Structures are given as C-alpha cells and as structure tokens.
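Subject: Structure for you to look at

Hello,

Here is the structure I said I would pass on. My notes on it follow below.

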Amino acid sequence: LAGNSYSLDVRVTIPGDADSTNNHLIAPTYALDTIPKKYVVGEEKTGTWCGWCPRGAVNLAIMESVPEFIGIGVHNRDPMTVNSYDGEIGKYVPGGYPTGGVDRVATGNFLSTGEDFMSMFNNRINAPVPCDVKNITAVYNPSSNDITVSADSEWYGSIYGDYRFSCIIVEDNIIELGTLWLQDNYYAGGGSGTMAFPAGINNGYDFSTGADPEDPAQFGGYDHVARSLSSNNVLGDLGSLPSDLIPLGIHSYTFASVPSNLFSNLNNCHAIVMIVNSKTGEILNANKVAITGGGVSVEEYESKLELNLFPNPAGDKVNLSINSKSAEEVVVTVRDVVGNVVLLPGSRKIEKGANFIIINSSNLASGVYFINVTLGDEMVTKMLSVAR
C-alpha cells in the first residue's frame, strides 16, 4: 500500500553452485502514493586560476534553458571560494578542473556544446524520488542584515535512511576589480576553438576573442556562484529531518540566518534547497527561489543613494538617475575596467528624491565602464556598457 515500506527478498537456486552464501538478498523498497517532479542539481568545480574553466561556465549557461536543471559553480582558490563546500565536493564530483556532476551520482568534463551536462541530466531527470522541495522562502531582513531561508519537503512514502535539508545561496553577475578576480582563459586567441555563451546570455560573449586573463566585466560577471553553504556541511544540516525513518507527509525546516555581507547584490541571488542522503551524498530533489525583502541590493539598503542608468548599453549619452534620501553634494566619476578615470562629470548638488544627470559618453569606445557616485566616504557603483 502507498506510504508503506517493504522488504524485497530474492533467493536464487543454481544447480552445482559451490557457494550458496551469496544466493540470498534482502533490499528495502517503498510504496509511494505520488511520484513528485524531479529537479536535477548540477555542480561545477571551477576557479579563476583555471584557464579551461570558461567552458564550465558556458556549459552551466547552456543549461539555463532547462527549467528542471539547477546549476551551481563551486569555486576553488579564488575570492569566491566557500572553503567547506570546496573542501568536500571532490568526494562526490571527482576529477580535475573543470569537472561537473549531477546530483552527485554522475560526473563529466564538458564539451563546448554542453553535451556532458545535458547527457547527465537526461539520464537523471526520470529517476523516481520519494520527496519534493516546495514553499521555499528566502527573506532579507534589513534591520539585522541577514537572510533567513525556510522550506517544506513533502514525502510520499515512509522512507528509512538519514536524509537532510541543505541550503546553498548562489549569486550571478559578480564583477569585482583586482587581479584575483581575473579569469585565466586558455581560449584566448582562438587556438582552442570558440567558447561562447548562448545568444541572449552575457551578450553571447566568446572567450576565444577575449584576453588571457580576462576581466569579468567583459563577459558579464561570474554566474551560479555558491556563496554560502548551510551548516558548512556538504551533506546537509544534522537533525533537519527525522533520523532513521521519515514518515509520509510534510516536513519543514528553517536554516540558520546568513549574513548579507557575504553577497555583492541580493537582486542576483537565489536560495537552493536540497534533500541530501547524508550517507552517500546523493541529492534526491531540490528547488530554488529568489531572495525577497524589498527587491533591492544590500548596498541600496545600506546606502543613502539608489542609482539607475538608461539606456544601458548606451551610445553618445547616458541618463544617470539618482534617488536620494536627502539633499546632498555628490561627485560623479566614470572609470574603465582597470580603474582609470575616463570621464569626470564632477560634483553636483542633488535634491531629496529623484535626480537626473546626463553624461556625455560620445568619446568613450565600445566596452564596459563603471559610474561611481560618491557621497562623503560612501561610493555607489553601476556598470555601464557602451555599444557603437
């Protein structure tokens, strides 16, 4: 009957068998009243120091068109590294860099067309699982400057085993200045073929036309980056689900709050909640949700200023919208990707509320720039693309 567990008893009789001790097997089996929708989690091992790792980023981007696929970039030896995650993932996704795996049951090294991830996904998506993940909330609290994630998991049978909730918060579009953030790129010069994002993602940027190393501003920033791991444990949160036997029904869990200063911009973050077999590392099922709590970035919560640019990409001029909580004197500068000042619109007096400044960008070459607005010792930055 649905919801019950049973034992499957298999006995084999072979004439002339000299060893009958291995002719009997008992395995648990479970009856489910529903087969829930399956989501597949892909984990890619990467690092800014890894010149072949752009193909891992491209492969994760290719899989963005598959709604049942959830991608995570696990960084190694760079500023985006989560040590507890990086230190353990090799047990479940073995191999060099880049290497990826799905649900920690299959691995691949990636081809430029994304065939490895897609093949692993296709082999995994129809795996029957006893549970789903739903009703995720991931809320930023500006008064405490942290994020709290809660979720439900419904189990469609009573299942024996040690399973746990796990939460990973990932961030997209990470762009920072400095040599530690540059991506080594062995595709530069075209000798290793093209390695381009799909059309519509990061403007279809092709690493074979870029530099080695390449500035993340050129390819739209680092995506799918794991920035936090609940309990710093790749096997999930101890005690988050009943041990030994998980009864049929809904089980809920709230993770420990995560400091918001781990992230560059909460608008670009998602919370991924998974159910993990703590004995094997296998991910049974998962789901994800965007961070909520005002719909603006951490910097904007903490700042007196809110900036917007339009059009972006820009041509000969760009409109800078500044929404201020008070009348202030601000200084506006425009810098290139290596930090050189290329335009100095200068200081302006702005009023409380909405303000608009037109910046003449006609002398800027096509590329990526950063508009900085400084108020006292505070600076807020927006990325500007110029296209001609």
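A salt bridge here means a side-chain nitrogen of Lys or Arg within 4 Å of a carboxyl oxygen of Asp or Glu. By that rule Asp316 and Arg388 are paired through their side chains, with N to O at 3.0 Å. Asp316 sits in the loop between strand S17 (305-310) and strand S18 (317-324), and Arg388 in the segment after strand S23 (378-386), so the bridge ties together parts that are 72 residues apart in sequence. Arg388 counts as exposed because its relative accessibility is 51%, and the cut-off for exposed is over 50%. Please keep in mind that the model is predicted.

The other salt bridges

The whole structure has ten salt bridges. One of them is between Glu68 and Lys37, at 3.8 Å from N to O. Glu68 is in the loop between H1 and strand S4 (69-75) and Lys37 in the loop between S2 and strand S3 (40-46), so this pair connects parts 31 residues apart in sequence. With a relative accessible area of 22%, Glu68 is partly exposed.

Glu171 and Arg227 form another bridge, their closest N and O atoms being 3.1 Å apart. Elsewhere, salt bridges with shared partners join Lys38, Asp103, Arg124 and Glu282 into one network.

Cysteines

A search of the whole structure gives one disulfide. It joins Cys50 to Cys53, with 2.2 Å from S to S. The torsion about that S-S bond is about 90°, so the disulfide of Cys50 and Cys53 is right-handed. Cys50 and Cys53 are both buried. Cys131 is also buried, at 0% relative accessibility, and Cys269 is buried with a relative accessible area of 0%.

Helix H1 covers residues 54-62, and eight of its nine residues are buried, so the rest of the structure largely encloses it. Among the buried ones are Pro54, Arg55 and Asn59.

Core and surface

The protein has 388 residues, of which 51% count as buried, and its fold contains four helices and 23 strands. Of the contacts between residues at least 6 apart in sequence, 69% join residues at least 24 apart.

The largest nonpolar core has 27 residues, and Val149, Trp155, Ile169, Val273 and Ile275 have the most contacts inside it. Strands S7 (134-141), S8 (146-155), S10 (163-171) and S15 (269-277) each supply at least two residues of this core. Leaving out residues up to four places away in sequence, Trp155 touches residues including Pro130, Cys131, Tyr163, His251 and Ile275.

Val289 lies in strand S16 (residues 283-290) and is partly exposed, with a relative accessible area of 25%. Beyond its neighbours within four places in sequence, Val289 contacts Ile136, Ala138, His270 and Ala271. The C-alpha atoms of Val289 and Ala271 are 5.5 Å apart, although 18 residues separate the two along the chain.

Ile14 is in the loop between strand S1 (5-11) and strand S2 (24-30), and it is partly exposed at 47% relative accessibility. In total the protein exposes about 17,600 Å², and carbon and sulfur atoms supply 51% of that.

Regards

Conventions: Residues numbered from 1 in each chain as written. Predicted model: local features only at pLDDT ≥ 70, side-chain atom pairs only at ≥ 80, totals over all residues. Heavy atoms only, no water. Disulfide = S-S within 2.5 Å. Buried < 20%, exposed > 50% of the residue type's maximum accessible area, 1.4 Å probe, protein only. Core = buried A, V, L, I, M, F, W, Y, C linked by side-chain atoms within 4.5 Å. Contact = heavy atoms within 4.5 Å. Areas by Shrake-Rupley, 256 points an atom, 1.4 Å probe, with all protein chains shown as cover.
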